[in-house]
Amino acid sequence: MIKYIIDNNLIHEEYVKYYTNASFIVSPDFSFNDGLFSGFNQETGKYNKATWTTMKDEAGIPVRDYTLQDPQCVYQMLKKHYERYSLDVVSSVTGVSKEDLLTVYKAYGATGAPDKAGTECYALGWTHHTVGSQNIRCMSIIQLLLGNMGIAGGGINALRGEPNVQGSTDHAILYNILPGYLKMPTPSLQTLAEYNEKYTTKSSDPMSANWYQNYPKYSVSFLKAVFGETATPEDEFGYSWLPKMEDGKAYSIMHLFDVMLTGKVEGFVCWAANCAVSTPNSNKVRNALQKLKWMVNVNIFDNETASFWKGPGVNPANVDTECFLLPGCPTIEKQGSQANSGRLIQWAYQAANPPGDALSDGDIMMRIMDEIRALYAKEGGASPEPILNLKWDYRDAQGKFDAVKCARQIAGHYTKDVIIEDAVKGTKEVNLKGENVPGFPKLMADGSTSSGNWLCAGTFDQKGVNLMQRRGKDDPTGLGLYLNWAYAWPMNRRVIYNRASCDLNGKPYNPKRKLLEWVGDKWVGDVADGGWPPMANKEKGKYPFIMKADGVGSVFGPGMVEGPFSEHYEPMEGPLEKHPLSSRRTNPAVTIFKSEFDKFANADAKFPYVCTTYSATEHWCTGFTRWQPWLLEAMPEAYIEISEKLAGELGLKNGERVKVSSVRGSTTCVAMVTKRMTPFKVEGKTVHEVGMPFNYGWLWPEGTKDDATNLLTPSVGCPNTFCPEFKAFMVNITKA
Amino acid sequence: MKKGMIKATSGFERLVHWCLALSCLTLCFTGMAMMYHSMDFIGDMMGGMGNLKTVHNYTGVVFGVALIFAIGMWWKEAGLFSFPADWQWISCAGGYLWHVDKDKMPQVGKYNPGQKIFFLVVALYGIIMCISGYFMWFPEGYAKGLLQNMYLLHALGFVLIFPFFFIHLYLATIGVPGSAPAMFSGWVTRAWAKTNHPKWLKEIEK
Amino acid sequence: MKGLELVKLIDLSRCTACRGCQIACKQWNNLPASKTNNFGSYQNPPDLQWNTWTLIRFQEIEGQNNKVKWLFRKDGCMHCTDAACIKVCPTQALYHTEFGSVAVDYDRCIGCKACITACPFDVPRYDSVTNKIYKCDLCYSRLKANQPPACVQSCPTGALQIGAKDEMIAKAYKRAQELGDGATVYGDKYVDGTHVIYVLPQKAAVYEKLPDRPEVPAPILVWKDVLKPLGLIATGGVIGAAIVHYVTHGPKAPIEDNSNDQGGAV
C-alpha cells in the first residue's frame, strides 16, 4: 500500500512535508540489505542503532529537503525501501488476490486527499506476531503519508475497552514502564539526575515543543505520589527505593516463565490471570509452575492456573507448590476508572456487592501490604525503605479500600502552597496545599506537586471535582467529541496532535469537519495540543507532534528494535522454507528461548497447516465466562474452523471431534467445517489455514476432554513488546 | 319378561351407550369451552382450563373405547341401510317434519334410517375425532400442515356431531316419549315399539 | 413509548452476531441455560427453545464471484397483527398488548400446543415440566415501564431499534434503499403487519427458516373463520329447530297398542 500511495502520488503533500520527518536527511551510514538494516550483530542477534539517524546542522536543527527529492531524504529512502513490494510480490506473499489488494489500496489511498480521513482500528490480529509492532508501524507510515494522524476520524486505534487494557497500560501493567509511560529505572542509572538526564529529550529546534523536556516534573511528581512525605530532595525523592530493571534485560510474561522453568523463581502472584491457558506454550508454563514454592492466585473463579497441580498429566503428590486462591471481584462489584481506546477515562460505579468473602483488588492488596509492612516494621530486612516509606493511606472511614482516594493520588495535588506571581501581567495565582493539580503543565520537579500518573493530572479539577464522572452530552463540534463527557488524557484532548488537522495558517484541511481552527489568537474546537500559534508564525509557532523531540511524525522510526522502516518477515513457524524476498526468513531481532519446550517446526511436512487463534465473542480471554451458564450455552466447547476443502482431504465431517497438534503439544476439539475458511496460494503453494479460539481449558465445563489452544503456540514474540506470536504457527489435524 | 313390555337393549348395550353418550356430551361441552371464549365459565367450573383440557383429553379416551364397542355391537343393525325402504323413509324424513300418509311410510325396523345416519356419523366421525385428537394431544414430530388439518377436522367434527347428538337427545326424550326407557331399564312398551319400530316388533314377535 | 403501537426494527445489515441480545433476553426473562454441544456452528442453542426466546441463526452462502457471505438472523416472535397463535389459543393466554405485541398470560396457558401448530414462523416452544408454551413477549414488562426490550437495550451496533410503527417502517424502507443490492423490508406486508420488521440484506427466500410469504395457515382460517361460527349456527339452529318442532309437531306419542298382546315375548 505504501508503494501504491507513493507510485500514484496519493500523499497529502503539505502534511508530509511539514508535519513528518519525510523531508529529513538520513545518515549516509544507514543501509538496508538482504533483509537486514545496518548495525546488525549476528552473534547477539541485536541491532546497534547508531546509524539509524537523521542529519542535523551545526545548530542541532534537523536538515530538511522540503522538495522531498534528495535521494538521502526519508521520503526517497522510503520509496526505495518499498520498491520491492510490487502488487505481484505482495499478492504472492500474502495469498490475497491482486484485485482485492487493489480494491483496498484504492479505497484507502483516496483518504490522502486533504479533506478526507481514514482510520485504522486494530486489535490482536495485528499485534500477535513476531512482527506485531512493525505491523502497526507500517500503518503509521501510511497514516502519515495520507495525512490521517491528528485529524477527526483519523489515527491508529487499538481496539481497547472492556478488559481495560488502555487503563492498565496507562498505569504500567507492562514490565518496562512506570505509570504514565515513564521509563523503568535500571542499575546503570544510579541517581535521579542520571535517570532524568537520560529520558529528558532534547531539541535545539525552536519550532519543536519537545514536550518531554518536562520529564523530570513527571518523574519527581510520581515519586512524591509513591513515597509522600518521605520523598525529599535530599533522598532524591526516593528514586533509589524504586525497583530497578537490569539493563538490556526483558521481563515479559514469556521471560518470566522461561526463568521460572529453571527453578529460579520462588513465588508467583498471579493476579486476575490464567497463565496456564493464556500464555503461549502452555506445557512450558505448566511445568514452570511446578518449580514454584508458592503461588497466590486472585481471581473470580478457579482456573487452570490456580489448579495446575491437578491438571492433566500432573500427579498432585509430585507438586510441592503451595497454592492460594483469593476470591476477587469483577469490575461491576467495585468502583473505579476505566479507559478506552480514545484514552477516555470514565468513572464506573459499583453495581453489586462482591459475594461471600470476595474482595476488590484494592482491598486484597491493602490487606497483603499491611501484613508485609508490619513484618518489615518488626523484622527490618534487607531493604525496608521502599516498603515502609510507601505512602499507604487509601482507606475510607470503614477501613475499606477507597478508590476515590487512590484516584486523587494518581491525579495529583500540591504538596504545599504554591503562589505564582507574574509581575509583568500583574497576576497572582494561589494554589493551596492539598488542592488537586488541574493538569500536568502545572506539575513541578521540585517536590511541590505530587502525581501518581502525570497523564491523569486534571482528572480532578482544582476544587476536587471528579471529572471522570462527567456525563455532559453537548457536542458543539458535531464530530462526536463530547468534551464534557468524562475526561480524556492528556488535558481532556479528544484527538492528540490535533493541530495537524490544520494547515500552516491554522485553517482546517477539512472545513466541513473542523476539529480545530485558529480564530483570532486562539484555537477553537477540541482542546488544542498546546496553545502555540500555527506554524506560519515563525516566532512562536510549533510543530504539531509535540511529544516527539523533532516535533514531527516519524515516517522514519528509529525507535523500533528491528528497523526504522517496516519489513516483511515470515512467522517463526510457517509454510515457506525461505523468505520470498531475502535470506532472513524471520524477524532478525526476535529472542529465542532455549528450554526443551521451545521447539519450532517450520515448513515441516509433519505439521502442514497454518493455525491462527482468536477469541469467541461470548468468552472473556481464557474463559472465566465458561462458568456463566448462558455464555457456555452459546459457545459450549473448543472448536477448530476448517475449510470444506481441507475437511474433504482429511475425511472430516462437520461437528466431528479432532486432535490438533503442533511440535509443542496437542489438544482436542470439534471440527467446524466452514466456507469461511478457504485455501489460498502463497508463493505458488496451496496453504490451508485453520483457526481456533483460545477461551477453553481442561477445568470447566465439567467433563470436558479438551484443553487449552495455547498448548500449541510457541513462546516467541515481537522483540519490541514481547507480545507472543499467537496468530501464526503450524499444526497437524487428525481424527480424535 | 314384563307384561306389555319389550326388552329393547341388553345391560351391556346400555353401559356402552351411556359411556358413549356421557363422554360425547362432556367432550362437546369441554370442546366448546375451548373453541368459544364465551364459554370459559365451563373451565372455571372445573377449576381452570388446564383441568378442562385434561378432562377433555381423557374423556376422549373413554369415548374412543366406548366407540369401539358401540361399533362392534351395532354396526350390523344400525350401520347398514336396507334399500329401497330406507331411502323411502329418508325421502319423507321419517314423517317427523311433515305429514306423511301411513301407507307411504315404510315399516321401520330396530333402527330407522335417521338413527342409522346418526350412528354412522358418530361412528365414522368419532374415529376421525379420536385420530385428530390424538395428533392434537401429541403433536411433537408431526408436520405442521398435517397438524393444522387435524385441528380443522376436529372442529368440523363438532359442527357435525353436535347437531346429530342434539337431535338424538331430543327425539329420545321429549320428541318421542317412551324412547328413553330403552336406555334406562332396557324395556319399552309394545305400543312404543309398534309405533316406532313396527317391523322390528314383528320380527321379535315371530 | 406508552400508548403507541410499537415496532421492533431488526436491521440485519448491522448485526455482527455478537449474541448480546440472546443473552440479555435470558437475563431479563430469567431463562436458564441448557447444556449444549458445538455441532459445527456458531449457532447455539441449535434452535429456539422454551428457554431461548431469541436466537441468532448463522448461515453461510456463496454469493457473487464465490465470495462467501456469513448471514446472521435474529429469530424470535414476529408479533403479528393477524396472529395465528392468538386465533387458535383456546384460553386467551396469548393476547395483543396495548403496544401491538403478542404476550403470553402464563396463568391461562394450558399447554395445548395449538399455537405451535398454527404459528407461521415456528416460534412458540413447549416446556413439559411447566406444561406451558413460551415465547418472546417483546419484554412487555419493560415496555410498560417505558424501557426498550432487553435485546434492543443490549445491541451495540444499532441493529435493533424500537419505536412507533410508522416511523420504524419508514426507517426500514430508507435503510433498504440505502443498502440497495437486493436489500428488502420484511414484515409489514404480511399477517396485517408484524410488530417485528426486518431489513434483510438478501432476499427473504435466502434465509433459512424464514417463510417467504408468511400467512395464517389456510386450515386455521377455515377452522376459525368458517367452522367456528358454523358450529354456533349449527348448535343454535338445531336447538331452536327442536323447540320449534316440539311446539309445532308435538311429541310423537306411541299409538295405543290394541293388537294382540302376546305377552311381550322377546
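1. Let's start with helix H10 of chain A, residues 215-227: its 13 residues reach 18 Å from the first C-alpha to the last, close to the 18 Å expected at 1.5 Å a residue. Bear in mind that this is a predicted model.

2. H10(A) is mostly covered, with 12 of its 13 residues buried. Among the buried ones are Tyr215(A), Phe222(A), Leu223(A), Val226(A) and Phe227(A), and the list also includes Lys217(A) and Lys224(A).

3. What sits over those residues? Just past the end of H10(A), Gly228(A) takes a positive phi of about 55°.

4. Over to the nonpolar cores. The largest has 109 residues, and Tyr151(B), Ala84(C), Cys85(C), Cys115(C) and Ile197(C) have the most contacts inside it. Helix H6 of chain B (residues 144-175) supplies the largest share, 15 residues. A second, separate core of 55 residues includes Val26(A), Met77(A), Ala152(A) and Ile546(A).

5. Leaving out residues up to four places away in sequence, Tyr151(B) touches Met136(B) in chain B, and from chain C it touches Ala114(C), Thr117(C), Pro219(C), Ile220(C) and Trp223(C).

6. As for the chains themselves, two pairs are in contact, and chains B and C share the most contacts. No contact joins chain A and chain B; their closest C-alpha atoms lie 24 Å apart.

Key. Residues are numbered from 1 along each chain as its sequence is written. Chains are lettered from A and ligands numbered from 1 in the order in which they are written. This is a predicted model: local features need pLDDT of at least 70, side-chain atom pairs count only at pLDDT 80 or more; totals for chains, interfaces and linings use all residues. A nonpolar core is a set of buried Ala, Val, Leu, Ile, Met, Phe, Trp, Tyr and Cys residues joined through C-beta atoms within 7 Å. A residue is buried if 20 or more other C-beta atoms lie within 10 Å of its own, exposed if 12 or fewer, and partly exposed in between; C-beta atoms are placed from the backbone. Helices (H or I, at least four residues) and strands (E, at least two) are DSSP runs, numbered from the N terminus. Two residues are in contact if their C-beta atoms, placed from the backbone, lie within 7 Å. The expected span of a helix is 1.5 Å times one less than its number of residues.
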